Amino acid sequence: MLEEEYSPARRRPFHLRRIEPPEAPFSYEIRPATARDLPDVRAIYDHYVVNTMVTLDTEVKSLRQWRSTFAYVTRLGLPFLVAVSPTGQVLGYAICEPWIQKRAYRFTAEESIYLRPASTGKGLGKALLSALIDAGRQAGLKQLLAVVADSGAESSLALHASLGFKETGRMGRVAQKFGRWIGTVMLQKSIR
Ligand SMILES: CC(C)(COP(=O)(O)OP(=O)(O)OC[C@H]1O[C@@H](n2cnc3c(N)ncnc32)[C@H](O)[C@@H]1OP(=O)(O)O)[C@@H](O)C(=O)NCCC(=O)NCCS
């Protein structure tokens, strides 16, 4: 090693130092999804379908399928929310869908929530799921369910537990993705 490599780095004069801009605060608005949000919603979900086992879908959904889901939940009056950055970027979404398509189950919905990877771990999931719970209650729902993979979905389990969801059952090795068997954890919250 050369002697100068051991010497401390030279500091620029004060007037030439780069001033780092302060990190922008993480802010967002939560609002009902519109048809124009669906391409972003689709891109967020695609990431988890292709790369993870937190969803047990193995094929990405087409925009046409998302439009159909949007039209269906809108017709039923079920909530479909997005969180949007001040610049209009969709950071995540949460949706309630019918649990079973039989009239007797009309007060029960299955919810799901997905955030852009860069938006996780900052409290947005809790804010968005809380807003979905409120919207579900206003829509007349009484029970919310979530079906979570039993491995690799720790943040989802933690989020649901923090909002009072209780585990009501487990099924072992009921799905296979990426050549691995996966079980599911059933979570439930009464919102009456
Ligand atoms: C699951 C997901 C929505 C959670 O949202 P998030 O913004 O990351 O979570 P938050 O920062 O709001 O944290 C909510 C709570 O869970 C806890 N938590 C979050 N991730 C955690 C982790 N990996 N391990 C332990 N605790 C965790 C937080 O500490 C917080 O607890 P608190 O309220 O007691 O302080 C988000 O991580 C995500 O989109 N993940 C990928 C998709 C996914 O798994 N969706 C659910 C499919 S069932």
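The crossing of helices α2 and α3 is right-handed, where a crossing counts as right-handed if the near helix is turned clockwise from the far one by less than a right angle, and as left-handed if anticlockwise. The contact behind this crossing is made by L38, P39, V41 and R42 on the α2 side and by L63, W66, R67 and F70 on the α3 side. The model is a predicted one, in which local features need pLDDT of at least 70 and side-chain atom pairs count only at pLDDT 80 or more, whereas totals for chains, interfaces and linings use all residues. Residues are numbered from 1 along each chain as its sequence is written.

**The α2–α3 pair**

- Two packed helices are described by the angle between their axes and the distance between the axes.
- The axes of α2 and α3 come within 10 Å and cross at roughly 110°, the axes being lines fitted to C-alpha atoms, for helices over the stretch in contact, with angles that run from 0 to 180 degrees between N-to-C directions.
- The two helices, α2 and α3, are therefore roughly perpendicular to each other, since angles of 65 to 115 degrees count as roughly perpendicular, those under 35 as roughly parallel, those over 145 as roughly antiparallel and the rest as oblique.
- Sorted by class, the contact of α2 with α3 has six nonpolar residues, two charged residues and no polar ones; here Ala, Val, Leu, Ile, Met, Phe, Trp, Tyr, Cys and Pro count as nonpolar, Asp, Glu, Lys and Arg as charged, and the others, Gly among them, as polar.

**Helix α2 and its cover**

- Helix α2 covers residues 38-51, helices (H or I, at least four residues) and strands (E, at least two) being DSSP runs numbered from the N terminus.
- Its 14 residues should span 20 Å at 1.5 Å a residue, and the end C-alpha atoms of α2 are 20 Å apart, which agrees; the expected span is 1.5 Å times one less than the number of residues.
- The buried residues of α2 are L38, V41 and I44, a residue being buried if 20 or more other C-beta atoms lie within 10 Å of its own, exposed if 12 or fewer, and partly exposed in between, with C-beta atoms placed from the backbone.
- The elements that cover these buried residues of α2 include α3 (63-76), β2 (80-84), β3 (90-98) and β4 (108-115), where two residues are in contact if their C-beta atoms, placed from the backbone, lie within 7 Å.

**Helix α3 and what follows**

- Helix α3 has 14 residues and reaches 20 Å from its first C-alpha to its last, close to the 20 Å expected at 1.5 Å a residue.
- A71 lies in helix α3 and counts as exposed, with 11 C-beta neighbours inside 10 Å.
- The C-alpha atoms of A71 and F178 are 31 Å apart in space, and the two residues are 107 residues apart in sequence.

**Strand β4**

- E110 has its place in strand β4 and counts as partly exposed, with 16 C-beta neighbours inside 10 Å.
- Not counting residues up to four places away in sequence, E110 touches E97, W99, L145, A146 and V147.
- E110 and L144 are 34 residues apart along the chain, and their C-alpha atoms are separated by 5.8 Å.

- R170 lies in strand β6 (residues 166-177) and is exposed, with 11 other C-beta atoms within 10 Å.
- Leaving aside neighbours within four places in sequence, R170 is in contact with D150, G183 and V185, while the C-alpha atoms of R170 and V148, 22 residues apart along the chain, are separated by 9.5 Å.
- R173 lies in strand β6 and has a positive phi of about 50° although it is not a glycine; R173 counts as exposed, with 11 C-beta neighbours inside 10 Å.
- F178, in the loop between β6 and β7 (180-190), has a positive phi of about 50° although it is not a glycine, and F178 counts as exposed with 9 C-beta neighbours inside 10 Å.

**Helix α5**

- E154 lies in helix α5 (residues 154-162) and is exposed, with 10 other C-beta atoms within 10 Å.
- E154 and R11 are 143 residues apart in sequence and 44 Å apart in space, C-alpha to C-alpha.
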